[in-house]
Amino acid sequence: MEEPSALILRATKFAALKHRDQRRKDHVASPYIIHPVTVANELTQAGVTDPEVIAAALLHDTLEDTETAPAELAEVFGERVCSMVQELTDDKALPKQERKRLQIEHAPELSSGAALVKICDKIANVTDVTHSPPPDWSRERRMAYLDWAASVVAGCKVDNDQLKQRFVDVLARGRECI
Ligand code: NDP
Ligand code: ZN
C-alpha cells in the first residue's frame, strides 16, 4: 500500500507537468498549478485526510484543460481518483452557458469525494474573483460568477461543516468587496 504523502506528491508532480504551460486569468497571469494546489490545501485545512480525494483535487482540471485521457489517470492513480476527476470535468463540446447550467443540475449527483473537491474549487475561484479577478471582467460579471458558484454549491452534498462555513464566508467577503 502506497504512503498517502507519496500518492499526493505524485499527483502534485503530474498536475505541475500537465499544467506547466498554462496560466490563470488574473492580472499577473499566475502559474496555473497554484490553483489545484490551493484547492487541495482548502481540503486539508478543513480536516480532509483521504489521500485519493486530495489527489483528485490536485488533478481536478487535468482532463478538462490539458492533454490527459481518463485511461492515463486510471492507470497512474487508480479507478477511484480517475472517476472523481471525471465527475469534476465539464463536457467542452457544449456551449459555455449549457456547461454552467449542467454544473448546477449535476451537483446533487456528485460522489462524496467529488463534492468535497467541488466546494473547494468554488471556494478558490470565488476568492480569485474577489481578490485577483480576470482584469477585463466587469463588476456585474464578477457578481454573476459568485451567484452561479453559490447555486452549484447549494446542490452539493458536502459532509464537512467547516467547508460549508468557509464557502459562506468567502462568498460574503466577495459580495462586500466587489
Ligand atoms: P469563465 O468560465 O470563462 O471563467 C471562469 C473560470 O476560469 C473559473 O471557473 C476558473 O475555472 C477559471 N479561472 C482562471 N483564472 C481565474 C481567475 N483569476 N479568477 C476566476 N476564475 C479563473 O467565465 P464565466 O464563469 O463568467 O463564464 C463564461 C460565461 O459568461 C459565458 O457563457 C459567457 O457568455 C458569459 N459572459 C458573461 C458576462 C457577464 O457580464 N456576465 C460577460 C461575458 C461573458 P477553473 O477552476 O476550471 O480553472
Ligand atoms: Zn478548478
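Reader: How do the residues of the shell around ligand 1 divide into nonpolar, polar and charged?

Author: Sort each residue of the shell by its type. In this predicted model, the shell around ligand 1 has five nonpolar, four polar and nine charged residues.

Reader: Which residues come nearest to ligand 1?

Author: There are 18 residues around ligand 1. R24, Y32, K96, K100 and Y145 come nearest.

Reader: Which helices each supply at least two residues of that shell?

Author: Place the residues on the helices. α7 (96–106), α8 (112–131) and α9 (139–155) each supply at least two. α8 gives the most, with four residues.

Reader: Where does ligand 1 sit?

Author: Ligand 1 sits in the largest pocket.

Reader: Which polar side-chain atoms lie by an oxygen atom of ligand 1, and at what distance?

Author: Look for N or O pairs within 3.5 Å. Y145 places a polar side-chain atom 2.6 Å from an oxygen atom of ligand 1. For K25, the distance is 2.8 Å. The side chain of D121 also has an N or O atom 3.3 Å from a ligand 1 oxygen.

Reader: How much of ligand 1 does the protein bury?

Author: Start with the ligand alone. Ligand 1 then exposes 920 Å². The protein buries 74% of that.

Reader: Now the metal. Which residues coordinate the zinc ion (ligand 2)?

Author: Find the donor atoms first. They are H35 (NE2), H60 (NE2), D61 (OD) and D121 (OD), at 2.1 to 2.6 Å.

Reader: What spacing do the donors follow along the chain?

Author: Read the pattern as H-x24-H-D-x59-D.

Reader: Why does the pair H35 and D61 tie together separate parts?

Author: Check where each residue lies. H35 is in helix α2 (residues 34–45). D61 is in the loop between α3 (51–59) and α4 (62–65), so the pair links parts 26 residues apart in sequence.

Notes
Residues are numbered from 1 along each chain as its sequence is written. Chains are lettered from A and ligands numbered from 1 in the order in which they are written. This is a predicted model: local features need pLDDT of at least 70, side-chain atom pairs count only at pLDDT 80 or more; totals for chains, interfaces and linings use all residues. Side-chain values use heavy atoms; hydrogens and water are left out. A residue is near a molecule or strand if one of its heavy atoms lies within 4 Å of it. A polar contact is a pair of N or O atoms within 3.5 Å; within protein, one must be able to donate a hydrogen and the other to accept it, and residues adjacent in sequence count only if both atoms are side-chain atoms. Accessible areas come from the Shrake-Rupley method with a 1.4 Å probe; for residues, only the protein chains shown count as cover. On a 1 Å grid over the protein atoms alone, a cavity is a set of points where a 1.4 Å probe fits but cannot get out, and a pocket is an open set with protein on both sides within 12 Å along at least five of seven lines; lining residues have an atom within 4 Å of a point. A molecule sits in a cavity or pocket if more than half of its atoms lie within 2 Å of its grid points. Ala, Val, Leu, Ile, Met, Phe, Trp, Tyr, Cys and Pro count as nonpolar, Asp, Glu, Lys and Arg as charged, and the others, Gly among them, as polar. Donors are N, O and S atoms within 2.8 Å of the metal (3.2 Å for Na, K and Ca); water is not among the atoms, so sites may look incomplete.
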